[in-house]
Amino acid sequence: MYGEFEHTVDAKGRMNFPAKLRDEFGEHFYISKSFNERCLTVYTEKSWNDLRESLKGKPSKIALPVERFIFGSACEAEPDKQGRIAIAPALRSYAGITSEVVVVGINDRAEIWDKASWEKYNSVTTPDDISAFAEELGI
């Protein structure tokens, strides 16, 4: 699941979810707050269940705050016939989403960014930063 797609959010909080990603995500997926950046993460049903399973049995002192953050404000998404999904107001507020968004496909998930935030992120994250991260990852 790769690519970068620009869309708009209407007054009811609906946006077209990219057709290419809809084909890969299926009829049902989940949207939650991202914990690395002020954006939203979109999970396939499988990646969502994998995340839930990975937190089971972990010490509640650590896992519970993470679970509250990720699952507490998450919403389920099912594209309508026009391919639109609704994003909950709390999630839009968290990510600072106004009317223009960028959807970025990343492996088994995607991110939804307010367009201005995405542009700002890209203006401060340099190729040298990415190179250093890639080196640290051994790629």
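Is Arg84 buried, partly exposed or exposed, and what is its relative accessible area? Select Arg84 to begin: this residue is partly exposed, with a relative accessible area of 25%. On that scale, buried means under 20% relative accessible area, exposed means over 50%, and partly exposed is what lies in between, using a 1.4 Å probe and protein chains only.

Before you click on, keep in mind that this is a predicted model, in which local features need pLDDT of at least 70, side-chain atom pairs count only at pLDDT 80 or more, and totals for chains, interfaces and linings use all residues. Residues are numbered from 1 along each chain as its sequence is written, and side-chain values use heavy atoms, with hydrogens and water left out.

The side chains of Asp80 and Arg84 meet in a salt bridge, at 2.9 Å from N to O. The term asks for a side-chain nitrogen of Lys or Arg within 4 Å of a carboxyl oxygen of Asp or Glu, and by this rule the count comes to six. Asp80 is partly exposed too, at 29%.

Next, select helix 2, residues 45–55; helices here are DSSP runs of H or I with at least four residues, numbered from the N terminus. Show Lys46 and Asp50, which sit four residues apart in this helix, about one turn. Their closest N and O atoms are 2.8 Å apart, forming a salt bridge. Lys46 is exposed at 58%, while Asp50 is partly exposed at 40%.

For the last stop, pick Glu53 and Lys56, a salt bridge whose closest N and O atoms are 3.0 Å apart. Glu53 is partly exposed at 48%, and Lys56 is exposed at 53%.

Technical notes:
Helix = DSSP H or I, 4+ residues; strand = E, 2+ residues; numbered from the N terminus.
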